[in-house]
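Thanks for coming, everyone. Please look at the model on the screen while I talk.

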Amino acid sequence: MTPQGMPSMDPRPSGLTIGTYDTYREAQRAVDYLSDEKFPVEHTTIVGNNLRQVEKITGRLTWGRALTAGLASGAWFGLFVGLLLGLFTTGNWLAALLTGVVLGAFFGLVFGGLGYAQSAGRRDFTSRTAVVATTYDVLCDFKFAEEARNHLAKLALKGEVNPRLPEHQATQPTATQQPVEPGQRPHD
């Protein structure tokens, strides 16, 4: 236990791979199914493999969009500040609120324009960024792995998830799966 009362987490995954899935949702569904079956899920881990950063371009960034975004974010911040000032004002709280919104929108507009001007056309687009994995392994402590595999086999038969077969099992059906030791990545 850590001083804050939370259990510490060893960041290195360990255990046997009991299922490999194409999406996080499928891996999460597998662990949820184990939980529904009263399996001790605290002995499982979901590990994302081959992490990649994906940047999805959402549109062009123009002067109009940069100024509008600055104006809007400034107005929201000004609304927050105006509400705080309004709480501690003995006079007209609505005036404090409106002053906060107007000043916030003005400064947001100015800073949005300055930020766009400083980019000098080097990044004229907007985007969203996410880190995604190619596959997701569900690992389980050694002493519970066989029971977990049996449960997940039932889930696969229902057709709710489509686990991948490990490469070494696909070529040799009788091969046993190697355990993942702490500090190793699955499928090394």
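First, the ground rules. This is a predicted model, where local features need pLDDT of at least 70, side-chain atom pairs count only at pLDDT 80 or more, and totals for chains, interfaces and linings use all residues. Residues are numbered from 1 along each chain as its sequence is written, and side-chain values use heavy atoms, with hydrogens and water left out.

Start with the helices. Two packed helices are described by the angle between their axes and the distance between the axes. Here, helix α2 covers residues 63-87 and helix α3 covers residues 93-119. Helices are DSSP runs of H or I, at least four residues; strands are runs of E, at least two; both are numbered from the N terminus. The α2 and α3 axes come within 5 Å and cross at roughly 150°. Axes are lines fitted to C-alpha atoms over the stretch in contact, with angles from 0 to 180 degrees between N-to-C directions. So α2 is roughly antiparallel to α3, a term for angles over 145 degrees. By class, their contact has 16 nonpolar, 10 polar and no charged residues. Asp, Glu, Lys and Arg count as charged; Ala, Val, Leu, Ile, Met, Phe, Trp, Tyr, Cys and Pro as nonpolar; the others, Gly among them, as polar.

Now the core. Which residues touch the most other members of the largest nonpolar core? Ile-18, Tyr-21, Cys-140 and Leu-152, out of 19 residues. Such a core is a set of buried Ala, Val, Leu, Ile, Met, Phe, Trp, Tyr and Cys residues joined through side-chain atoms within 4.5 Å. Buried means under 20% relative accessible area, exposed over 50%, partly exposed in between (1.4 Å probe, protein chains only). β1 (16-21), α1 (24-36), β5 and α4 (145-158) each supply at least two residues. α1 gives the most, with five.

Next, Thr-135. This residue sits in strand β5, residues 135-140. Thr-135 is buried, at 9% relative accessible area. Leaving out residues up to four places away in sequence, Thr-135 touches Tyr-21, Asn-49 and Arg-164, among others. Contact means heavy atoms within 4.5 Å.

Last, the loops. Most residues other than glycine have a negative phi. Lys-38, between α1 and β2 (44-49), has a positive phi of about 65°. Lys-38 is exposed, at 72%. Asn-50, in the loop between β2 and β3 (52-60), has a positive phi near 55°. Asn-50 is partly exposed, at 47%.

Methods:
Angles under 35 degrees count as roughly parallel, over 145 as roughly antiparallel, 65 to 115 as roughly perpendicular and the rest as oblique.
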